[in-house]
Every structure is written in structure tokens, then in C-alpha cells.
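Okay everyone, thanks for coming.

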Amino acid sequence: MNKVIRRIQRYQGWFGAGAAGCLLVGLYLGLIASPPDYYQGEVVRIMYIHVPLAHTSLLAYTVLFGGSVWYLWKRDPLVDNMCHAAAGLSAVFTSLALFTGMIWGKPTWNTWWTWDARLTSFTVLLLILIGYLMLRTFIDDPEREARFAAVVAIIGFVDLPIVHFSVEWWRTLHQPQSFSLRGVSISSDLLFPLIMMSIGMSLLFTYMLLVRTQMLYLTNLLHAKKGRLLGQFHLSKADS
Amino acid sequence: MTAFYLRWGILVVGATILVVLTYRNYEENLATMTPEQVLANSPTEEIRVKGLVRGGTLRGELEEGRASFDLAGEKDTLPVQYEGPPPENLRELKTLILIGKWKTPTRTFQAREMALVTNYGFVMGAYIVGLIPLALFLFFMGRKVCLLYDEIKQSTLYQSESDTHVDSR
């Protein structure tokens with residue numbers, strides 16, 4: 001068993017427990033303790049789930065990008081497993097961020113969807129991830145599959161700054177960033193649950209990444225062992 | 001696998017407690033009465049009443065936070081005296097939530113605050129859409145990892161590895 005996998009086994013529980021704790025506290029603060037917004041009323045509570053999901057999807061893609069560069073440099077199959085896991089998770093978080101955003105958009109903008117710069121660039125991110133995951137199913141040779149996928153992930157990273165700065169570069173319906181280098185434009189009563197949920201969601205992503213990387217590694221390991229055993233079996237039959 | 005199911009059991013219990021607390025918070029602090037219920041029950045404590053500002057009844061000085069109007073339900077209307085922060089959303093034919101007390105001697109509703117009508121379905125929907133798929137995804141992923149460890153452990157494939165130290169936590 002790989003040393004890294006053993007280490008993941010040992011420490012992953014801390015991330016899971018941290019995520020569960022932060023999310024439960026964040027949900028309590030967001031759903032019960034925090035006040036409603038002056039303009040949006042109670043609907044603002046959707047922010048505590050939508051914004052952390054969106055942040056985490058960008059974090060997941062950043063991990064995918066970093067892992068892809070690392071893979072092309074070191075060619076470590078475990079890093080490729082991590083990239084594959086991060087891509088799947090990023091696709092899930094991006095889809096959920098889009099769906100929760102649509103649900104928030106209906107009562108605040110009076111529409112489920114609009115071709116706004118932020119929404120469009122986020123949808124492009126989801127399409128890049130779907131393309132990445134589809135590519136990984138089309139190629140038979142694992143080494144080529146990993147190499148091509150890493151290149152696609154690196155090219156796709158171009159969309160991330162567009163997603164992040166879209167609300168500043170274009171006049172959009174989507175509200176600007178609540179916290180940036182210029183300062184914080186959100187009340188502290190609303191900010192604390194949001195930070196708690198964002199930390200919880202990032203820890204949850206880390207935990208899910210560790211679990212999924214193990215899952216992909218173990219699946220590959222099992223296939224490899226079965227293949228080797230089958231090969232040995234055929235060889236021994238041929239010898240006899 | 002027992003430890004895995006136990007962990008998830010604890011998480012489900014925690015989530016259930018949170019759902020119950022949220023529901024109780026909604027029932028106690030955010031649930032609204034109709035004008036008909038206020039007239040029928042004459043509640044003495046502070047309440048939230050939801051209704052429509054009847055056309056042609058709005059009077060007072062809105063900039064100074066004083067107004068009087070009739071709040072209509074499906075059958076009855078409630079005379080309202082509002083005194084509070086200058087209301088931005090107070091208009092005729094608008095559905096609002098008023099927070100205040102019912103004065104039985106004068107048979108008027110003394111409102112001190114106004115709130116927008118919220119469709120809680122959107123909030124609930126966003127949390128269900130955001131959290132349930134994540135939880136299910138994580139559950140099945142974790143379960144598969146446990147099963148894979150068990151499969152490796154139980155199969156003869158495991159025996160051939162010299163450095164295998166498998167712990168199916």
C-alpha cells in the first residue's frame with residue numbers, strides 16, 4: 001500500500017470531523033441565529049449555502065490545476081488520481097452552486113436564469129469539467145489519458161480569473177464580491193456565518209478529495225492486481 | 001463498516017436536531033397569522049400578521065414613520081396603526097407582514113415593524129438542493145472505499161502483497 005494513502009487514512013478523519021463541526025455550527029448561525037437582510041429579508045439565508053459552494057468549486061478547480069502541473073512534471077499516478085478526484089468534485093460543487101444560485105435568483109431577480117457574465121463563465125467552467133471527465137473515459141492508455149487530461153485542465157484554468165473578475169469587468173446582474181482587497185461590504189452579523197460555512201465547505205472538499213483519491217487508487221490497484229493474477233493464471237495454464 | 005455507519009448515524013442525529021431547531025424557530029418567530037385569526041382569537045402577545053394593504057385606506061406621514069391603513073385578509077380587514085421606522089415597502093395593494101400587538105379595547109393592530117413576505121420554499125429548496133446530493137455523494141463514496149478495503153483484505157490478492165497494511169476505517 002502506498003505510503004501517502006496510509007497517511008491519508010490516518011488523517012482524513014480530522015478533516016471530516018472539522019467539516020461536520022463547522023457546517024453544523026455554520027448552519028445553526030445561518031438558519032437560526034443570524035438576522036434577515038434589510039433588503040432581501042429571509043431569502044438572504046440562501047447566501048450561506050450558495051456562496052460557500054461557489055468558492056469551493058473554484059478551490060477544487062485550483063487544486064485540479066495545481067495537480068495537473070505537478071503531474072506533468074513528476075508523472076506520479078497518485079497525483080493523477082487526485083486530479084481525477086478533484087475534477088469530479090469540482091463538477092459536483094459547480095453544479096450545486098449553479099442550482100442554488102438559480103433558486104436564489106428567482107425571488108431576488110425574478111428570473112431563474114439570465115445570460116449574465118458570472119453565470120455564463122461559471123457554466124463554461126462546468127462544461128470544461130464535463131469535457132475533462134468525458135476525455136478520461138475515451139482514452140484506453142492510462143498514461144496518455146492522464147497526460148491529455150492534465151493539459152485540458154491547465155488550458156481550462158483560463159476560465160477561473162474570468163469567473164472571479166466577471167462582476168468587475170462587466171456590468172452584471174450578479175452582485176459584486178462581498179469581500180475583496182478593497183474591503184468588506186457585508187454586515188458582520190451576516191459575515192460570520194458565511195465564513196463558518198466557507199471554512200466548513202473547504203474542509204468538506206478536502207475530506208471528499210482524500211476519500212475519492214483513495215477510492216480511485218484502490219480501484220486501480222484492484223484492477224491491476226486482478227490483471228496480474230489473471231496473467232499469472234494464464235501463464236501457468238500455458239506452461240502445464 | 002460498523003464504525004462507518006456509526007459515524008453517519010451521529011451525523012444524521014446532528015442534522016435532525018438542526019432541522020427541528022430550525023422548524024421551531026420558524027414556528028415561534030416567523031410564522032404569521034391572518035387578519036381573520038387575529039380578530040377571532042384576540043391574542044395578547046406580540047404577533048406577526050400577514051395581509052394586503054387595502055386600496056384607498058393608507059393615510060399618515062410615511063417619512064416620519066406614522067401611518068394608518070386597513071390590512072385585508074381573505075374575508076375580514078384589520079385596522080392598523082403603524083409607528084416605527086419610516087417604511088420603504090408600504091404601498092396600497094401590497095402584501096406585507098406586520099409585527100406588533102392587537103389592542104382589544106380600540107380594536108386596532110399597533111404595528112411597530114414591517115417585513116417582506118418570504119417564500120420559505122426557496123430557502124428550504126436551496127438547502128435541500130445544496131446539501132442532500134453532497135451528503136449522498138460522500139456517503140456512497142465512503143462506503144465504496146470501505147468495501148474496496150474489505151475486498152482487498154478478504155481476497156487472496158491481498159496475500160501476495162508484502163507491504164500491505166490495510167485498515168478499513
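Let's start with A:Arg136, which counts as buried because its relative accessibility is 6%. Buried here means under 20% relative accessible area, exposed means over 50%, and partly exposed is in between, with a 1.4 Å probe and protein chains only.

Quick housekeeping: this is a predicted model, where local features need pLDDT of at least 70, side-chain atom pairs count only at pLDDT 80 or more, and totals for chains, interfaces and linings use all residues. Residues are numbered from 1 along each chain as its sequence is written, chains are lettered from A and ligands numbered from 1 in the order written, and side-chain values use heavy atoms, with hydrogens and water left out.

So, who does A:Arg136 meet in a salt bridge? One partner is A:Asp80, at 2.7 Å, N to O. By salt bridge I mean a side-chain nitrogen of Lys or Arg within 4 Å of a carboxyl oxygen of Asp or Glu. This pair links distant parts of the chain, with A:Asp80 in helix α3 (residues 77-109) of chain A and A:Arg136 in helix α4 (residues 117-138) of chain A, 56 residues apart. Helices are DSSP runs of H or I, at least four residues, and strands are runs of E, at least two, numbered from the N terminus.

Now over to helix α5 (residues 142-156) of chain A, where A:Glu143 and A:Arg147 sit 4 residues apart, about one turn of the helix. Their side chains make a salt bridge at 2.8 Å, N to O. Buried or partly exposed, what's A:Glu143? Partly exposed, at 34% relative accessible area, and A:Arg147 is partly exposed as well, at 27%. Salt bridges with shared partners join A:Arg75, A:Glu143 and A:Arg147 into one network. Over all chains, the structure holds 9 salt bridges.

Last stop, chain B. It's divided into domain 1 (2-23 + 120-153) and domain 2 (32-115), with bounds from an automatic or database domain assignment. The centres of those two domains, taken over C-alpha atoms, are 43 Å apart.

B:Ile128 is in helix α3 (residues 120-154) of chain B, and it's partly exposed, with a relative accessible area of 44%. That's it from me, questions welcome.
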